[in-house]
Amino acid sequence: MLIPFVNFIILIILIIDLGKSFGQGVGFGIGLLLLAVIFFPTLGFGSAQYQGPAAGSAGAVPAVSWPSQTA
């Protein structure tokens, strides 16, 4: 985000991926970008649930795995 002009492209990609991570489409991600005052509260207080990272591949395993709690 520190490189001039490239940061705008990266910001657009990040916001669209944020919408996809909550199960929304690209249109919702563009709404997050253009009308953030409306769409971020809708995402935060609405019924959307976090579904995992959208930027990674579909079959990838998470980078962090929690240890099992066997007693």
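Among contacts in the protein chain (heavy atoms within 4.5 Å) between residues at least 6 apart in sequence, 41% link residues at least 24 apart. The model is predicted, so local features need pLDDT of at least 70 and side-chain atom pairs count only at pLDDT 80 or more, while totals for chains, interfaces and linings use all residues. Residues are numbered from 1 along each chain as its sequence is written, and side-chain values use heavy atoms, with hydrogens and water left out.

The protein chain holds 3 helices and 0 strands. Its elements run α-α-α from the N terminus. Helices (H or I, at least four residues) and strands (E, at least two) are DSSP runs, numbered from the N terminus. Of the 71 residues in the protein chain, 18% are buried. Buried means under 20% relative accessible area, exposed over 50%, and partly exposed in between (1.4 Å probe, protein chains only).

Helix 1 spans residues 6–21 and helix 2 spans residues 26–34. They pack at an angle of about 125 degrees, with their axes 8 Å apart. Axes are lines fitted to C-alpha atoms, for helices over the stretch in contact, and angles run from 0 to 180 degrees between N-to-C directions. Helix 1 and helix 2 are therefore oblique to each other. Angles under 35 degrees count as roughly parallel, over 145 as roughly antiparallel, 65 to 115 as roughly perpendicular and the rest as oblique. The crossing of helix 1 and helix 2 is right-handed. A crossing is right-handed if the near helix is turned clockwise from the far one by less than a right angle, and left-handed if anticlockwise. Helix 1 contributes Ile 12, Ile 15, Ile 16, Leu 18, Gly 19 and Lys 20 to the contact. Helix 2 contributes Val 26, Gly 29, Ile 30, Leu 32 and Leu 33. These residues divide into 8 nonpolar, 2 polar and 1 charged. Ala, Val, Leu, Ile, Met, Phe, Trp, Tyr, Cys and Pro count as nonpolar, Asp, Glu, Lys and Arg as charged, and the others, Gly among them, as polar.

Helix 2 and helix 3 cross at roughly 125 degrees, and their axes come within 6 Å. That makes helix 2 oblique to helix 3. Their crossing is left-handed. Phe 28, Gly 31, Leu 32 and Leu 34 of helix 2 meet Ala 36, Phe 39, Phe 40, Thr 42 and Leu 43 of helix 3. The residues of this contact comprise 7 nonpolar, 2 polar and no charged.

Phe 5 lies in the segment before helix 1. Its phi is positive, about 70 degrees, although Phe 5 is not a glycine. Most residues other than glycine have a negative phi. Phe 5 counts as exposed, at 69% relative accessibility. Ser 47 sits in the segment after helix 3 (36–45). Ser 47 is exposed too, with a relative accessible area of 71%. The C-alpha atoms of Ser 47 and Phe 22 are separated by 9.7 Å, and the two residues are 25 residues apart along the chain.
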